[in-house]
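Subject: Structure handover and pocket notes

Hi there,

Here is the structure I promised to pass on to you. Please have it open while you read the notes below.

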Amino acid sequence: MKREAITVRNLCYAYPDGTIALEDVNMAVYEGERVAIVGPNGAGKTTFLLHLNGILRGCDGQVEVFGKSVGEVKKEEIIKDVGIVFQDPDDQLFMPTIFDDLAFGPINLGLKEEEVRERVKKALLTLGLSSYENRCPHHLSYGEKKKASLAAVMSMEPRILVLDEPTANLDPRSRAELIGIIKELNEREGITIIIATHDVNAIPELVDRVYVLNKRVIAEGTSHKIFSDVEVLRENNLEVPEVFKLFEVLRCFGYNCEELPLSIDEAVEHLTRTVEINGGHLHLHIHEHTHEAVRKLKSKYEHHLSNLRMKEEGAQTNGTKRSG
Amino acid sequence: MIEYPEIDRYASLDSPMHRFDPRAKIIAFLFLIFSIVIIPELKIVIIGLFFAIFLLILSRIPLSFVLGHLKWVALFVLSLYVMLAFTFPGKEIAKFYFLSITAEGLYTGSLITLRAFSAVILIFPMIGTMRFDTMIKALDKLKVPNILVQMLMFTYRYIFVFMDEFQRIGTAMRSRGFKLRTTLYALRTIGKAMGMLFVRSYERAERVYRAMHSRGYTGNPKTLVEFEIRRRDYILAVSIIGFAVSLHIISFFLP
């Protein structure tokens with residue numbers, strides 16, 4: 001059994017105005033694991049992440065990092081282990097140049113000058129930003145700033161990396177690049193990854209396990225388990241990856257699969273296996289239930305829209321009498 | 001595209017002023033600026049002005065760039081000049097109706113105007129020849145109080161972010177039919193937009209502080225810099241300071 005990198009017990013938090021943001025949150029993330037936290041807007045994801053390195057303190061309950069209780073040990077002890085990359089890179093990069101920003105953390109950790117320079121160099125290299133050392137943040141593109149913010153946290157060499165919406169607002173290339181970097185950091189350096197995201201198509205390839213957070217932990221499990229749970233998805237405004245949907249459609253056309261693939265890689269693997277078993281062919285057909293099944297499937301994933309429609313209809317019937 | 005207030009646009013040029021060590025440069029120029037603005041003698045101030053222009057030319061900063069900035073200073077200083085010319089008591093040399101221009105007024109006005117121009121011109125070879133972040137680091141090395149250095153640092157970093165933000169608010173307003181006129185409605189709307197900017201800045205400040213906190217901010221950030229002061233820098237600094245001192249010696253002995 002791997003040891004727990006982060007343990008959260010009965011955490012709750014209320015905003016200064018009294019609104020409850022988190023209620024009885026429990027979570028355990030193991031060393032070297034990759035975990036996603038999903039949930040609707042305003043579910044308290046960012047607030048939760050801020051508890052992981054002790055910036056916010058819950059009313060009761062505990063956050064432990066490698067067995068050290070946040071709040072009982074010195075702040076530096078926790079910050080050294082848990083690096084948070086915030087969503088807006090303009091919040092993250094606050095120093096005049098990229099070099100200063102990357103050096104900021106290591107200097108605060110009290111490292112010697114040579115070591116600080118060493119770490120900055122390494123972080124720049126990891127993110128492919130070596131020529132950016134003396135650039136000012138306001139001259140960079142959004143994608144570059146996003147990478148620089150990750151570098152600024154990596155220079156502290158955390159054992160746990162917490163990312164808030166790392167793929168939001170990025171162009172496809174930067175997005176793919178960033179996903180690759182995060183995976184590599186995990187695989188090569190064994191860094192534990194926790195990601196809050198809405199990017200469902202990135203989840204299957206990026207993480208091992210998913211938590212659904214909506215003030216409290218609604219569900220927990222592998223991506224397969226979460227994406228198969230229609231009820232949870234509906235309740236929390238969540239989506240499933242497009243590949244997953246496509247294979248559900250294929251199933252209506254008689255494609256035989258037990259566990260639906262979530263990513264392109266899985267899909268390729270799955271198709272190859274199926275075609276090989278069937279002697280080099282893929283057999284699809286339309287039978288009497290196909291259309292009905294497809295219609296049902298579509299309505300299943302239109303729950304966002306159907307919820308809206310129901311609300312509108314409700315409002316209309318409450319108001320004036322509807323005309324035929 | 002917005003025009004950013006980039007005083008350090010020409011920091012990447014190469015000139016004796018660009019190669020001047022930032023710390024020595026700041027000290028020498030500040031000394032020179034302060035000596036020129038306290039000279040009581042017009043002739044000496046003119047010498048100072050020429051020296052300022054000489055240093056500016058030495059710095060290779062394009063004159064059009066400098067003039068673009070000077071015009072705002074001129075607007076301010078020249079209005080002061082006119083006011084002094086008419087109100088300063090002394091020997092009358094011309095009269096328009098009830099207003100009279102005095103020789104003393106003209107003299108004092110010219111003195112103040114030329115001092116101001118010399119000082120502003122000197123700012124360019126001083127600040128315009130290094131990147132702004134280099135200047136901040138130099139100030140830090142010169143033991144300027146850390147809190148001031150931090151304020152400069154964050155102002156420099158976030159002025160662009162806030163300008164972008166205000167620009168976005170403006171674009172959003174214009175694209176929904178807002179026109180800037182001098183009506184009460186327009187002014188009130190601008191006021192509200194400014195208010196929004198303050199709220200956003202406040203929220204951003206909170207997020208930035210969290211990010212700083214997350215990376216171990218203790219209230220006293222240090223930066224790593226490699227400044228190397230050479231003999232050339234000493235010579236240059238001493239000659240600028242020497243020039244400043246000699247201006248005062250001359251003015252002291254002037255009849």
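What follows is a short account of the pockets.

This is a predicted model, in which local features need pLDDT of at least 70, side-chain atom pairs count only at pLDDT 80 or more, and totals for chains, interfaces and linings use all residues. Residues are numbered from 1 along each chain as its sequence is written, chains are lettered from A and ligands numbered from 1 in the order in which they are written, and side-chain values use heavy atoms, with hydrogens and water left out.

**Largest pocket**

The largest pocket has a volume of about 600 Å³. (A pocket is an open set of points on a 1 Å grid over the protein atoms alone, where a 1.4 Å probe fits, with protein on both sides within 12 Å along at least five of seven lines; lining residues have an atom within 4 Å of a point. A volume is the space filled by probe spheres set on the points, which are joined across faces, edges and corners.)

Its lining counts 24 residues, and nearest the centre lie Asn134(A), Thr134(B), Val225(B), Glu226(B) and Phe227(B). H6(B) gives the most, three residues (helices are DSSP runs of H or I, at least four residues, numbered from the N terminus).

**Second largest pocket**

About 360 Å³ of space lies here. Of its 19 lining residues, Tyr15(A), Gly44(A), Lys45(A), Thr46(A) and Thr47(A) lie nearest the centre. Helix H1 (45-51) of chain A and helix H8 (184-214) of chain B each give two or more residues to this lining, and H1(A) has the largest share, with four.

Best wishes
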